[in-house]
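Let's work through some charged pairs and a helix, one question at a time. Keep the structure open as you read.

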Amino acid sequence: PGQAAMYAGLQELGVANGEDLKETLTNCTEPLKAIEQFQTENGVLLPSLQSALPFLDLHGTPRLEFHQSVFDELREKLLERVSAIALEGKVEERYKKLEDLLEKSFSLVKMPSIQPVVMCVMKHLPKVPEKKLKLVMADKDLYKACAVEVKRQIWQDNQALFGDEVSPLLKQYILEKENILFSNDISVLHNFFSPSPKTRRQGEVVQKLTQMIGKNVKLYDMVLQFLRTLFLRTRNVHYCTLRAELLMSLHDLEINEICTVDPCHKFTWCLDACIREKFVDNKRARELQGFLDGVKKGQEQVLGDLSMILCDPFAINTLALSTIRHLQDLVGQDTLPRESPDLLLLLRMLSLGQGAWDMIDSQVFKEPKMEAELITKFLPMLMSFVVDDHTFNVDQKLPSEEKGPIPYPSTIPEAFTKFLQENRIACEIGLYYILHITKQRNKNAFLRLLPALVETFSDLAFSDIFLHLLTGNLTLLGDEFALEEFCTSLFDGFFLTACSRKENVHRHVLRLLLHLHHKVAPAKLESLQKALEPTKQSGEAVKELYNQLTEKLELRKPSPAEATETPSMELTLPTVPTPASR
């Protein structure tokens, strides 16, 4: 079959091939004469060449080598010419030339040496004849060999085939996101949200999809449809990130054919700038509000797309961080949440983002109603926590009288716990407030609010993104892990309540201990090691992390000889707290 492929299609063009030579030699009486005649008839027909060929023979250069180099040279020239034709003259004329060339050469498409030329002609044709596309599609090797420009023409009428090409990329994308969330590197400086939007768009999957789509609106719509379907099927919010990244990647390349027809383009572009700054400033807030208010009657379906853009964790992160910042500012200004239009807009967008799944699922395109109590009760409650901290800090600085120092408030209003359980937006903002106080190394506030996290709206406190951020921020409270009370509250009171039923929580606790085990009191560490031992049902990732932790702890154990040594007589210097641990 290899030999046959080498000469595929030559006969149709009336050009002699290996089979013809074989036949000639089989039926002739003087083989040498027959070979000479075949060479003369099928060689390069240049009179000046005839006298030069014997000269090559004297140098021991085989004829095959000579013909091959001439062939390669001609093929390069032809490829250059095809690319030139595609750019010169009137549009109809140039494409007519290319179509004629394709008609003549297509029968040789399976001949490896000519195939690049045929593929090049097809690549430059904006519309390859349907019949030829069907032949390419039916042959696996041809399909694989053709340029993405040709594949786009095949894909736009074959959604299933395009789906097969896109599917592995989408799986890869989700896996990459999960790998970052479960990464063994725990840091408050470099977390899931650290890379800028522009950096993220350079990722392999986004770049490949951008290339596959080109300027083809139909293919872009297909990818969006895949993302919507997968988001509905899995509730995985990373598909929302990809939806925004893809649009912005096309925006970077100035693919106006697509950007101008996507009704979310300008909104996404504005939000992208906010995500870059990790803050929604007043000017951009007005712009975003303008887009939301500008949704006309009869076009409400665009809310489904906007909600998906706002459901992207990077958008939620930016909106939630901005909300916490606004609440702190309001405390300083003695202003209530309901009196701040900027805060209300942030809540409106959070609400739209958090409602994305329900909206796309129900196909009812209207903005979710905001619960008044969120604004009149929950947010003021968060502000009162900020005030508690200020009051406590001032109290600490005042000279203490006989009655002794005022203790930090340890109880939490029942309403706070109820809000976290029943209201999605309250829960999201509450969790971000807890991340905020942890980042500030505010141990008192953290321990006070931690019990409210055991039961939250659809277990949001045990979601990967929150636990990824929490474990990072907890590294700042590293020294507290030596204290029994702190560890009991954090591990027994929070993490271990969910470890057995939620594999991801088990993984995050092990990640945290791998990073901070040397800070934990030995007795506590031992009991944690027992509590975190994998069961038969545990997945590979948990077992692998547990083994890594066990190895680390083995290395730390003193050898029996060391343990019984007499203590040295050296004087120990008192430890001075470093600025970081103050």
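Q: In which helix do glutamate 204 and lysine 208 both lie?
A: This is a predicted model. Glutamate 204 and lysine 208 are four residues apart, about one turn of the helix. The helix that holds both covers residues 204-213, and its name is α13.

Q: What is the N to O distance where the side chains of glutamate 204 and lysine 208 meet?
A: The two side chains form a salt bridge. A salt bridge needs the nitrogen within 4 Å of the carboxyl oxygen. For glutamate 204 and lysine 208, the N to O distance is 3.0 Å.

Q: Is glutamate 204 buried, partly exposed or exposed?
A: Buried means under 20% relative accessible area, and exposed means over 50%. Glutamate 204 has 42% relative accessibility. Lysine 208, its salt-bridge partner, has a relative accessible area of 39% and is partly exposed. Glutamate 204 also counts as partly exposed.

Q: Aspartate 281 forms a salt bridge with which residue?
A: The closest N and O atoms of this pair are 3.2 Å apart. Aspartate 281 is partly exposed, at 26%.

Q: How many residues apart in sequence are the parts tied together by lysine 502 and aspartate 459?
A: The side chains of lysine 502 and aspartate 459 meet in a salt bridge, 3.8 Å from N to O. Lysine 502 lies in the loop between α28 and α29, and aspartate 459 in the loop between α26 and α27, so the pair ties together separate parts of the sequence. Those parts are 43 residues apart.

Q: Which residues are linked with Arg228 in a network of salt bridges?
A: The structure holds 27 salt bridges. Some of them join up in a network that includes Arg228. The residues linked with Arg228 are Arg243, Asp262 and Asp305.

Q: How many of the 21 residues of α20 are buried?
A: Helix α20 covers residues 313-333. From its first C-alpha to its last, α20 reaches 30 Å, close to the 30 Å expected. The helix is largely enclosed by the rest of the structure, because the number of its residues that are buried is 15.

Q: Which residue takes a positive phi just after α20?
A: Look at both ends of α20. At its start, a side-chain oxygen of aspartate 312 reaches to within 2.9 Å of the backbone nitrogen of phenylalanine 314. Just after the helix, phi is about 55° at one residue, aspartate 334.

Definitions and conventions
Residues are numbered from 1 along each chain as its sequence is written. This is a predicted model: local features need pLDDT of at least 70, side-chain atom pairs count only at pLDDT 80 or more; totals for chains, interfaces and linings use all residues. Side-chain values use heavy atoms; hydrogens and water are left out. Helices (H or I, at least four residues) and strands (E, at least two) are DSSP runs, numbered from the N terminus. Buried means under 20% relative accessible area, exposed over 50%, partly exposed in between (1.4 Å probe, protein chains only). The expected span of a helix is 1.5 Å times one less than its number of residues. A polar contact is a pair of N or O atoms within 3.5 Å; within protein, one must be able to donate a hydrogen and the other to accept it, and residues adjacent in sequence count only if both atoms are side-chain atoms.
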